[in-house]
Amino acid sequence: MKKVLIGMLALVMCLGFVSCNKESTPNMADIVAKAKADGANWSVDEWKDAYKQMMQAAKPMMLELQEVMKSMDNGGDDSDAANAAKFAEAMAKIQELQKKYGDVEKLMDEFDSIAKGTENGKKVSEDDEWAKSVAKELGRPEDL
């Protein structure tokens, strides 16, 4: 019995350490501010890290948007009424996402503009293969 209690205590402690060490989602506004302040001096690797953080921060929004896009599938019913209903429902959900995620699109555009204004940032922004590999690594939807 004593071994079971010690084992359970060890398990609880491990779970506590793991949950405390989880990475939090990066803050886009902070990343954009850092890019404005220091981006001109960043190396290609530093730009890649910043882009990866931006993609990680946008992932929750992208996943929700992907769900909205999936909901537009009307299960084979191609009638105009079914299409109109699905479209209206999707638009309402997209408006909710816009309220929920606020300035994400604006911050992403601003970040991309800052990157393209620097030599190293431009290299990273134009590296489509790298972007695809990071998106895959982060589990970001491929169709967005």
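Student: In which helix does Ile94 lie?

Tutor: A helix here is a DSSP run of H or I with at least four residues, a strand is a run of E with at least two, and numbering starts from the N terminus. Ile94 lies in helix H4, which spans residues 80–101. Keep in mind that this is a predicted model: local features need pLDDT of at least 70 and side-chain atom pairs count only at pLDDT 80 or more, while totals for chains, interfaces and linings use all residues. Residues are numbered from 1 along each chain as its sequence is written, and side-chain values use heavy atoms, with hydrogens and water left out.

Student: Thanks! Is Ile94 buried or partly exposed?

Tutor: The label follows relative accessible area: under 20% is buried, over 50% is exposed, and the range in between is partly exposed (1.4 Å probe, protein chains only). Ile94 has 22% relative accessibility, so Ile94 counts as partly exposed.

Student: Which residues is Ile94 in contact with, leaving aside neighbours within four places in sequence?

Tutor: Contact means heavy atoms within 4.5 Å. With those neighbours set aside, Ile94 is in contact with Leu65 and Val68. Leu65 is 29 residues from Ile94 along the chain, yet their C-alpha atoms are separated by 7.3 Å.

Student: Let me zoom out. How many helices and strands does the protein chain have?

Tutor: The protein chain has 7 helices and 0 strands, and its pattern along the sequence reads α-α-α-α-α-α-α. Of its 144 residues, 27% count as buried. Contacts tell you about the fold as well: take those between residues at least 6 apart in sequence, and 76% of them join residues at least 24 apart.

Student: Now the packing. At what angle do the axes of H2 and H5 cross?

Tutor: Each axis is a line fitted to C-alpha atoms, for helices over the stretch in contact, and the angle between N-to-C directions runs from 0 to 180 degrees. Helix H2 (residues 28–38) and helix H5 (residues 104–116) have axes that come within 10 Å and cross at roughly 20 degrees. Therefore H2 is roughly parallel to H5; the scheme calls angles under 35 degrees roughly parallel, over 145 roughly antiparallel, 65 to 115 roughly perpendicular and the rest oblique.

Student: Which residues make that contact of H2 with H5?

Tutor: On the H2 side they are Met28, Ala29, Ile31, Val32, Ala35 and Lys36, and H5 contributes Val104, Leu107, Met108, Glu110, Phe111 and Ile114. For classes, Ala, Val, Leu, Ile, Met, Phe, Trp, Tyr, Cys and Pro count as nonpolar, Asp, Glu, Lys and Arg as charged, and the others, Gly among them, as polar. The contact of H2 with H5 then has 10 nonpolar, no polar and 2 charged residues.

Student: How does H2 pack with H3?

Tutor: H2 and helix H3 (residues 44–71) pack at an angle of about 160 degrees with axes 10 Å apart, which means H2 is roughly antiparallel to H3. Met28, Ile31, Val32 and Ala35 of H2 meet Trp47, Ala50, Gln53, Met54, Ala57 and Ala58 of H3. By class, the contact of H2 with H3 has 9 nonpolar, 1 polar and no charged residues.

Student: And what angle do H3 and H5 make?

Tutor: H3 and H5 pack at about 165 degrees, with their axes 11 Å apart, so H3 is roughly antiparallel to H5. Here H3 brings Trp47, Ala50, Tyr51, Met54, Ala58, Met61 and Met62, while H5 brings Val104, Leu107, Met108, Phe111, Asp112, Ile114 and Ala115. That contact of H3 with H5 divides into 13 nonpolar, no polar and 1 charged.

Student: Let's follow Met61. Is Met61 buried or exposed?

Tutor: Met61, found in helix H3, is buried because its relative accessible area is 17%. Not counting residues up to four places away in sequence, Met61 touches Tyr101 and Val104.

Student: Last one: where is Ala135 found?

Tutor: Ala135 is found in helix H7, residues 128–138, and is buried with a relative accessible area of 14%. Beyond its neighbours within four places in sequence, Ala135 is in contact with Met55 and Arg140. Met55 and Ala135 are 80 residues apart in sequence and 7.3 Å apart in space, C-alpha to C-alpha.
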